[in-house]
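Let's take a friendly walk through this model, starting at a pocket and ending at a strand.

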Amino acid sequence: MAQTNEPLLSVKGLKQYFPVSKKFTVRAVDNISFDIYPGETYGLVGESGSGKSTTGRSIIRLYDPTEGTILFNGEDISKKLTAKQEKMLRSDMQMVFQDPMASLNPHKKILDTIAMGLDAHHPHMDQKERVERVSKMMEMVGLNPAYMNRYPNQFSGGQRQRIGLGRALIMNPKLVIADEAISALDVSIQAQIINLLEKIQDEQGISYLFIAHDLGMVKHISHKIGVMYLGHLVEFGDADEVYNHPLHPYTEALMSA
């Protein structure tokens, strides 16, 4: 793990509230803080409804944060984004979603799906170079480049998640947010995807925010772990420490589950 003194991502006092009515507001994320360093995996674990996925979506700005500061790559991305910040964010931070089929356009060939980032940021790229880069990316995530002209429904769930990973990695991002990226897959496929993520991290020094409900799986891939419960970060620390010596009753409950 390549670590510097400056975090790549620094989240301070993040709040994400959703008003339901005049009298009721859902506090999905309530005043959480953590840092992710270059080449590091931060595991965010908690049961459904704990606010972990909302945290990831707020960081990548799919939601506008209610309060708090998000510093990424030295830039404050928690307020209204400038055009320059928007471009940096869309190339240097990517997300892999839980349901690979729902996050892929069924009418797009795999070539065009993986090349989406290239098309957005390098619209004048030579077609030959575009195909070559997609081909290399498919090989990197364990897919046969000969299948680039096929459609998502012609692939298995594990292969579709590799397509989503290829789409995220094609821009050489510094941070990938993996939101329950393996929970819908068979156990043997989960292990393959985890090994692939670790291999890519070793080769490229990429950072991950790995969001999941399985503490065992999170412990396997993460350097640090944060445990979320009802919108709060109730425990955090080095992965081995949190896993082997849990202090909060909720962490112990996750372990037994």
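Which element gives the largest share of the lining of the largest pocket? That is helix 4, with four residues. This is a predicted model, in which local features need pLDDT of at least 70 and side-chain atom pairs pLDDT 80 or more, while totals for chains, interfaces and linings use all residues. Residues are numbered from 1 along each chain as its sequence is written, and side-chain values use heavy atoms, without hydrogens and water.

A pocket here is an open set of points on a 1 Å grid over the protein atoms alone where a 1.4 Å probe fits, with protein on both sides within 12 Å along at least five of seven lines; lining residues have an atom within 4 Å of a point. The largest pocket holds about 400 Å³ of space, and 15 residues line it, with Arg-90, Met-93, Gln-94, Met-95 and Arg-167 nearest its centre. Two or more lining residues come from each of strand 6 (93-96), helix 4 (116-121) and helix 6 (157-169). Helices (H or I, at least four residues) and strands (E, at least two) are DSSP runs, numbered from the N terminus.

Now turn to strand 8 (residues 207-212), where six of six residues are buried, meaning under 20% relative accessible area with a 1.4 Å probe, protein chains only. In a regular strand, side chains alternate between the two faces of the sheet. On one side of strand 8 sit Ser-207, Leu-209 and Ile-211, on the other Tyr-208, Phe-210 and Ala-212, all buried.

Strand 8 runs parallel to strand 3 (residues 41-45), joined by five bridges; pairing requires at least two DSSP bridges. Here Val-45 stands opposite Ala-212. Strand 7 (residues 175-179) also pairs with strand 8 in the parallel sense, over five bridges, and Leu-175 faces Ser-207 there.

Definitions and conventions:
Buried < 20%, exposed > 50% of the residue type's maximum accessible area, 1.4 Å probe, protein only. Points joined across faces, edges and corners; volume = space filled by probe spheres on them.
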